[in-house]
Amino acid sequence: MAKITFLECTRCGEHLSAEQPQTVCPRDGGVLFARYDLAAIKKNFKRESLAGRVPTMWRYREVLPDAEPVSLGEGFTPLLRSREYPNVYIKDEGLNPTGSFKARGLSAAVTMARAYDLKKLAIPSAGNAASALAAYSASAGIEAHIFMPKDVPRANLVECRSYGAHVTLVDGLISDCARLVAESKQAEGWFDVTTLKEPFRVEGKKTMGYEAVEQLGWKVPDGIIYPTGGGVGLIGMWKAFDEMEALGWMGKERPRMVSVQASGCAPIVKAWDEHKSAAEAWVNAATVAAGLRVPRAYGDYLMLDILRKSKGTAVAATDQEIMEALQHWARTEGIFAAPEGAAALVAYRKLLTSGFFKASDTVVLYNTGSGLKYVDAIAQYMNKDAAQPAARQIGGIIGPY
Ligand SMILES: Cc1ncc(COP(=O)(O)O)c(C=O)c1O
Ligand SMILES: [Zn+2]
């Protein structure tokens, strides 16, 4: 692992070695970032170097941990131009292995877990990270121990069990799952891959930033709208822009970063509106967008700093708005999005109306997952909505679904 120069604390700047597994900064619990010698890498790693490379996130291997990848083909997802808004692009992360962008982070984290010879990994998850950990662990021959809320989307549960993971369903939220992992990990010998509590999920997620700029023909978009729970994608993409600048691939310009959350769980939006640099835990978190049901984000201070530095903002979307947008995207764009992804469309519409974005701005909306993971919730919404066209069945009408 020669390529990682050191791991750096995002709070105090402490340097740690990447020769052995690390979690968070031992001094202050800060999130650790992998640092590379970008000045040296720059000499041989050019934008042109990417031509003809594998269409996965590992095409950026010079700026990813130097270990044999555990890969299922994650990343380099389509950047689709919207039919409705000509300057909007939809980054369709639903096409990743296990149907969500979580594949990127877990591919990188499991790659490093295998390189460190770790045998048992544990994760608290709202669902999609669990599915991804289960798949990559199966591929690497590593045990996965998964803690999810008991009302997790059914697809996540079925997937995790199919991949042979050890699943515990918890009567509570992801924060309760995290507590259970923290309490048991030492006795059980698990390495904890909780969001931002190890340095490599960010490394995988940052590739969404590299890809957006590469796929726009090396144009930096004016805005990025990202459905935010723990915020790893937002944090990772911001890191990617700094790295691309150091590589000479882009200048000082940055997209305005927008965090979208669900109205039923919007701690970052609240903290942003109150001009705070850290977020309070959200009480009674509830939303159909399961991945956004994160009452307390470990990287809150990083996200709020990014929103501020990028002249971005934070927006909330109600479940009703999200489900309407989901159906709208399916019908106008042919994209069956996860509710989390559809929230990005709600945010874009609001920001267009408020004048935050102009119609001429190039904005990338991240559809972070596939609607196929949420068919139960989507069917429930369709059953309630009388305006939904019924499906015809020879000999009768189908429904409720
Ligand atoms: C589909 C989907 N979108 C967005 C998120 C939020 O991701 P992050 O924790 O990186 O903010 C999740 C998290 O579970 C998710 O599953
Ligand atoms: Zn520190």
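In this model, which is predicted, a backbone N or O atom of Gly231 lies 2.6 Å from an oxygen atom of ligand 1, a polar contact being a pair of N or O atoms within 3.5 Å. Taken alone, ligand 1 exposes 390 Å², and the protein buries 97% of that, with accessible areas coming from the Shrake-Rupley method with a 1.4 Å probe. Residues are numbered from 1 along each chain as its sequence is written, and ligands are numbered from 1 in the order in which they are written. Because the model is predicted, local features need pLDDT of at least 70 and side-chain atom pairs count only at pLDDT 80 or more, whereas totals for chains, interfaces and linings use all residues.

**Around ligand 1**
- A polar side-chain atom of Tyr226 lies 2.6 Å from an oxygen atom of ligand 1, and a polar side-chain atom of Asn128 lies 2.8 Å from an oxygen atom of ligand 1.
- Of the 16 residues around ligand 1 (a heavy atom within 4 Å), those that come nearest are Tyr226, Gly229, Gly230, Gly231 and Thr368.
- Strand S10 (223–227) and helix H8 (232–246) each supply at least two residues of this shell, helices being DSSP runs (H or I) of at least four residues and strands (E) of at least two.

**The sheet**
- Six strands form an open sheet of mixed pairing in the order S4-S5-S13-S10-S11-S12, where two strands pair if DSSP finds at least two bridges between them.
- Strand S4 (79–81) and strand S12 (313–317) each have a single partner strand, so one side of each is left without a neighbour in the sheet.
- S10 pairs with strand S11 (residues 256–262) in the parallel sense over five bridges, and Ile225 stands opposite Val258 in S11.

Key. Heavy atoms only, no water. Polar contact = N/O pair within 3.5 Å; in protein donor to acceptor, adjacent residues only side chain to side chain.
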